[in-house]
Amino acid sequence: MNLEPALEAFFAEADELLTRMEESLLQLESEPDNDELINDIFRAAHTIKGTAGVFGFDDVVHFTHEVESVLDRVRDGQMQVSNDVIGLLLRNKDHIGALVRAVAEKRELDAAQRAEGEAQMAALLALLGKQPDKPAATAVVAASADVSRSESAVSDSCANENWHLSIRFGADVLRGGMDPLSFIRYLCTLGEIVHLDTLFDALPQWLQLDPESCYLGFEIDFRSEASKAEIEGVFEFVRDECVLHIIPPRSQISEYISVLRALPEDELKLGEMLVLSGALTRAELDRGLSLQSEAASAVSAEGDGGPSAAPPQLGEILIESGAVGAGVVDAALVKQKQVKDTKAQEARSLRIDADKLDQLIELVGELVVASAGVQNVAQMLAQAQLTEASEVLTRLVEEVRDQALSLRMVQIGATFQRFQRVVRDVSRELGKDIELQISGGETDLDKTVVERIGDPLMHLVRNSMDHGIEATEVRLAAGKPARAKVMLNAYHEAGSIVIDVADDGGGLNRQKILRKAIERGLVAEDAQLSEREIDRLIFAPGFSTADQVSNLSGRGVGMDVVRRDIEALRGTVDIDTEPGKGTRIRIRLPLTLAIIDGFRVGIDKASFVLPVDMIVECVELAGSIRDAARSRGYLDMRGEVLPLLWLREVFDIDSPAPERRENVVVVHFGQTKAGIVVDQLMGEHQTVIRPLGKLFSALRGVSGSTILGSGEIALILDVAGLMKMAGSTGMTAAGITEMQGQNSREMSAPS
Amino acid sequence: MNGRHSLALTVVDDDDVAADQQQQYLTFRLGEESYALGLLSVKEIIEYGGVTQVPMMPGFVRGVINLRGRVVPVIDLANRLRAESASVTRRTCIVIVEVANDGEAQDMGIIVDAVSQVVDIPPQSVEPGPSFGAKVRADFIAGMGKLDEGFVIMLDIDRVLAGEDMAAVNDMKAAG
């Protein structure tokens, strides 16, 4: 039998479980009383152990078993959740990860990992060994709290071990040939009536009394082993005509609650759950539901009056009508919510082979190209029906494209969450008190980007912690809170996603940076650099300000690599710093790597595509304005200076410029705006980005290519690259040009 | 049981075919000279046309073409080999070849003046290339094939189109 796919699934699952375990552990640190977290951690460990057992990975099973034992103690409240325990468990989690990876890669653990494993094992056993004298932990108190709370809530209504039956016979019972007494007699066959009150307050004045009507009610304390349904069954023949409340004895309520807890995790309606647990009979549920719908229709009838008046909840109705106790409903509701949550999580993800997804997206890309072709033909033929049909097709294809692309979109939150652990560990290592603040975790971006942004972010976060944030004494002296902050934030802006890594540390020390840059020969000694240029020096290869190389950062590879990683994703990185206040590094990335909305422009016969997101507007360039722009190199745009870039010249296209007019496409990138001068504007197109391949890897100003509807290829302009090219030719500072020269050599060196 | 047997046979067959094909070459003309290309690396031959120029690239990179939805770079072979540009005629073709680039197979198009024929060149008819004197760089020549009409230059196409070398040229151009 081929176990490979199953193994793959196991490794993927173990990975996920370990991540969950880590998240829960970190959360547990701040909420040690949250027993749900402990359960989560336990479940994760248990599942890994179980599955590893199936495959016979004894190392994993053996180690995880001890971890599980410790967790079990914690769960049972025999062990306190201290930071030490969490620290150990975190390391355990890492070791389990190492063990699983070792199995996945079919290799043995190395010596260091084995030693670590043994040390952890010893620690675990020590924990288990001196366990019995530990007092019960707070966690358990919390665990049992909600049960006891719900029990106490109902104990008022029913304080003894007896069922309480409250029945009011309907007026027509006697006429229907039923004798209330016979029901009570029959009830005696199920158990013993401890106490019975006859209620006759419904009896009217003698004159109005109808001897054929029944006015009686009974309150009965009843001791029985029978279930609620059986008891209710006694009154079956008069069920429709009488008002019956059956309140279970106290012992039963806790039983109901436990039944509820033990119900299989299927999504059930509240009522169904109560029926299953036996707290509610089917008939009671039906009545409750009809009451609810009556109430709902009543509400909607009043409708115009107040939209706030929502139809009452089934739970409330059931409690009001006394069918079940409040505690039972509460427990059921809690269970219902849990089930919903887990269901929602399960339903939210579907594991698909990434290759299949890529194939799909590639096909959608072809489809987009094909439909653009159809649209072209339709426009050419100018036939109304065909045009209409092709419009519909194009719109649908666009939707399909968006949906397909969104399949690849994942939230960045999970990536951010990983840094909680990093910050926790590193801040301890550095002896700084650092807190990580995360926002914008729900921002979506392409999976490929998410996968490849992790390393640069790691560098940046570590850098912030090591270099950015001052030692605690320095912070206090500067009047800052001792607890430093590192912030990760993500949001969408102008067709790109922006990720900020910020800290409230000391900011960059510009003098020091400049001195080091000169020392390392990155800048000429007499170079005059603006503050921004100095800040950007930290991205130069081989640059480091650290006086000492720590094992975290300072080897001078970090920021350069970060910049290159981000540029490889067609992104940019920018730095913003204020001495004494902090530093913010801003990463700007394209939303997706596959398809963009493109705007086609032409020069002579060649056409180029610009991402629509980057275009602000298009203006005509003709007449005297054109001549002036030509000689000055910029355009007066409503009082703003707009630098111009003649694409024909940049690209060395060997053809004369058109006689009468050219067009300027105004693009913005980050804070900069510029105008790109082209011959013609050719309108918007769906653009599937195709990489140009390795041969063109060093090509600047072009980020890729796309196939037009006509089958021709158009090059996609890299606006940022073009601006950089145009900018560098005009740059005077010797140091910067020098630096960039180095960069381009380094970047193009064969890897 | 039978499966294994026939499998072994197939392998042998494959070897034979491969050996046959390894001796087969596509010959083509560039200017006055005849060249040969191992048939195994040739994927298809298409009519010249639809080449989109890529700016700021060295002269031997003619541009890119759309090969059924894929973007394939096109190399001006005459320029690459002898630094003279070929003029496009009715018989100009693009030969799509598969080259190994850092262990990755990549398709590239080469422009040739005319495709001639597929010939068998047995190993014993291959002479080592001249170490100097030929108009073509010595390291691009895999050998000289002896045919009835005379010698053909057998190209080491992986080396001619090697990405690293090409990218290096490209960088020099960009830097200088």
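Predicted model: local features only at pLDDT ≥ 70, side-chain atom pairs only at ≥ 80, totals over all residues.
Phe200(A), Leu203(A) and Leu216(A) together make a nonpolar surface patch of about 260 Å². Leu216(A) has a relative accessible area of 31%, so it counts as partly exposed; patch residues need over 30%.

Chain A as a whole can now be described. Its secondary structure comes to 25 helices and 21 strands. The chain has 751 residues, and buried residues make up 43% of them. Among contacts in chain A between residues at least 6 apart in sequence, 70% join residues that are at least 24 apart.

The next topic is charged pairs. Over all chains, the structure holds 28 salt bridges. One of them brings together the side chains of Glu192(A) and Arg223(A), with an N to O distance of 3.9 Å. Glu192(A) belongs to strand S2 of chain A and Arg223(A) to strand S3 of chain A, so this pair ties together parts that lie 31 residues apart in sequence. Glu192(A) is partly exposed, at 45% relative accessibility. Arg223(A) is also partly exposed, and its relative accessible area is 45%.

Elsewhere in chain A, Lys581(A) and Glu578(A) form a salt bridge whose closest N and O atoms are 3.4 Å apart. Lys581(A) is exposed, with a relative accessible area of 56%, whereas Glu578(A) is partly exposed at 43%.

Chain B has a salt bridge between Arg62(B) and Asp76(B), where the closest N and O atoms are 2.9 Å apart. This pair links distant parts of the chain: Arg62(B) is in strand S4 (residues 61-67) and Asp76(B) is in strand S5 (residues 70-76), 14 residues apart. Buried means under 20% relative accessible area. Arg62(B), with 16%, is therefore buried, and Asp76(B), with 0%, is buried too.

Salt bridges in chain A also join into a network. Its members are Glu22(A), Lys93(A), Asp94(A), Arg421(A), Arg424(A) and Asp425(A).

Methods
Residues numbered from 1 in each chain as written. Chains lettered and ligands numbered in written order. Heavy atoms only, no water. Patch = residues over 30% accessible without salt bridge, like charges linked within 9 Å, V, L, I, M, F, W, Y side chains within 5 Å. Areas by Shrake-Rupley, 256 points an atom, 1.4 Å probe, with all protein chains shown as cover. Salt bridge = Lys/Arg side-chain N within 4 Å of Asp/Glu carboxyl O. Buried < 20%, exposed > 50% of the residue type's maximum accessible area, 1.4 Å probe, protein only. Helix = DSSP H or I, 4+ residues; strand = E, 2+ residues; numbered from the N terminus. Contact = heavy atoms within 4.5 Å.
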